[in-house]
Amino acid sequence: MDKDTAIEVKNLTKVYRLYDKPMDRLKDSLGLMRKKKYKEHLALNNVTLSVKKGETVGIIGTNGSGKSTILKIITGVLSPTTGEVNVDGHISALLELGAGFNMEYNGIDNIYLNGMMIGFSEEEITKRLDAILEFADIGDYVYQPVKTYSSGMFVRLAFAVAINIDPEILIVDEALSVGDVFFQAKCYHKFEEFKKQGKTILFVSHDLSSISKYCDRAVLLNQGVLLGEGTPKKMIDIYKQVLVGQYPLPKGEGENLLDDEEIRKAAAKASDKADAKVEKKPEEENPDLLEYGDGAATITDYYVTDDKGARTNSIIKGSEFTVHMRVKFGRDVAAPIFAFTFKNIMGIEITGTNSMVEKAFLEPVKAGDEKDISFTQKMTLQGGEYLLSFGVTGFEQNDFTVYHRLYDALNVTVVSDKNTVGYYDMNTKCTVVDAEH
């Protein structure tokens, strides 16, 4: 393994045996099964990936894609069916928080128990005890049996133990959203500290904004197959296609990774499904926009106008502006939903809305119909560059369906002479007067 590599996974496959009855599992484990009485589930299929030291890598995918399985194999909780894993560095894993806690012991006892299970001596845990207790912040409950804790106190203590062990490699599986909102903020702050210290982080989450914000690179798993890896923005866009069944998946066992050229071709194929092409516009349009849909509707035009009604891609902060789109329908649609979304250049969705949320249009349309849609609002985003996406979707037999989507279609520049903290301006009025005594 390369000296700059923290985690290396080679040709990893994991097969689970699914039994109809517990007795069948017992008989099979004892070698008493004469014929096969189980089904095989391929959780991971020939997956290969590596994580460099100091890199933060996010793993995304639908439920059952193998995300948690690969983390458990890397941490040694599970053994692979075939393949190998090499790790260079001490790991702290936030997987199933509180696994290994003894419910009869008090919090202090469980801190020592859990720390020793991870591989630390009693002296090393004692040095970290104050930091753990301060982070958990559960007061004198730490001297009570864990079985008396609320679920919130339990996860706070478990997280505090795992996060304050000072690992070289941190592995996180959906664990940053534990506890109340104040504790979650503390967890994310600690996570950012780890990044600044150059720790290696492997991060699984369904929170795509967190993947965009924290990760240097993202890996997309689907049904146990490594579908692709690249920038968080690129992988998140592909993941959204996978979610609605409009991304061409690899065919055949063992086919794993789609490289950049294949991803580009796949996106192009998806865009070819639309009945009509979007008319090309000036330089504010993204030539590499991601376009896909089932062809029931096509976004034939889209643009932004300022408070004077002029087409533009530059909006003055504080002024009114309108997002426009024209949609032509290729077949009857019961209740189309028209939407737009603003992202920052990191791919984090900042704001957006749709016609259903706004209760603006809940009517059926016929094949051949054309609709002009407009969304008017005041620009309160901070000055900077943003990407504007458009979509037409709906529900058919209760299934969410994408008729046409244009991701990152337009660049919009917000011009501002006053930027506050965060993504948008609350238009605060501040007054300062002499204090009355």
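This is a predicted model: local features need pLDDT of at least 70, side-chain atom pairs count only at pLDDT 80 or more; totals for chains, interfaces and linings use all residues.
Colleague: Which residue of strand 16 is the bridge partner of K328?
Modeller: Strand 13 also pairs with strand 16, residues 370-378, in the antiparallel sense. Nine bridges make up that pairing. Within strand 16, the bridge partner of K328 is E370.

Colleague: Is strand 13 mostly covered or mostly uncovered, and how many of its residues are buried?
Modeller: Strand 13 spans residues 320-329, which makes 10 residues to look at. The strand is mostly covered, and the number of buried residues is seven.

Colleague: Let's move to the sheet of three strands; what is its order, and which strands are the edges?
Modeller: This sheet is open, with antiparallel pairing and the order 2-1-4. Each edge strand pairs on one side only, and the edges are strand 2 (38-52) and strand 4 (82-87).

Colleague: What is the bridge partner of Y16 in strand 2?
Modeller: Strand 1, residues 5-19, pairs with strand 2 in the antiparallel sense over 11 bridges. In strand 2, the partner of Y16 is H41.

Colleague: Which strands does helix 2 touch?
Modeller: Helix 2, residues 67-74, packs on the sheet, and its direction makes about 115° with that of strand 1. The strands touched by helix 2 are strand 1, strand 2 and strand 4.

Colleague: Are helix 5 and helix 6 roughly parallel or roughly antiparallel, and why?
Modeller: The axes of helix 5 (residues 151-163) and helix 6 (residues 181-196) come within 12 Å and cross at roughly 10°. An angle under 35 degrees counts as roughly parallel. The two helices, helix 5 and helix 6, are therefore roughly parallel.

Colleague: How many residues of the contact of helix 5 with helix 6 are nonpolar?
Modeller: From helix 5 come R156, F159 and I163, which meet F183, C187, K190 and F194 of helix 6. Two of the contact residues are charged and none is polar, while the number of nonpolar ones is five.

Colleague: Last one: over which residues does pLDDT stay under 50?
Modeller: The chain has a mean pLDDT of 86, and 90% of its residues reach 70 or more. One stretch, with 28 contacts beyond four places in sequence in the model, stays under 50: residues 270-280.

Methods
Residues are numbered from 1 along each chain as its sequence is written. Side-chain values use heavy atoms; hydrogens and water are left out. pLDDT is the predictor's confidence in each residue, from 0 to 100. Contact means heavy atoms within 4.5 Å. Buried means under 20% relative accessible area, exposed over 50%, partly exposed in between (1.4 Å probe, protein chains only). Helices (H or I, at least four residues) and strands (E, at least two) are DSSP runs, numbered from the N terminus. Two strands pair if DSSP finds at least two bridges between them. Axes are lines fitted to C-alpha atoms, for helices over the stretch in contact, and angles run from 0 to 180 degrees between N-to-C directions. Angles under 35 degrees count as roughly parallel, over 145 as roughly antiparallel, 65 to 115 as roughly perpendicular and the rest as oblique. Ala, Val, Leu, Ile, Met, Phe, Trp, Tyr, Cys and Pro count as nonpolar, Asp, Glu, Lys and Arg as charged, and the others, Gly among them, as polar.
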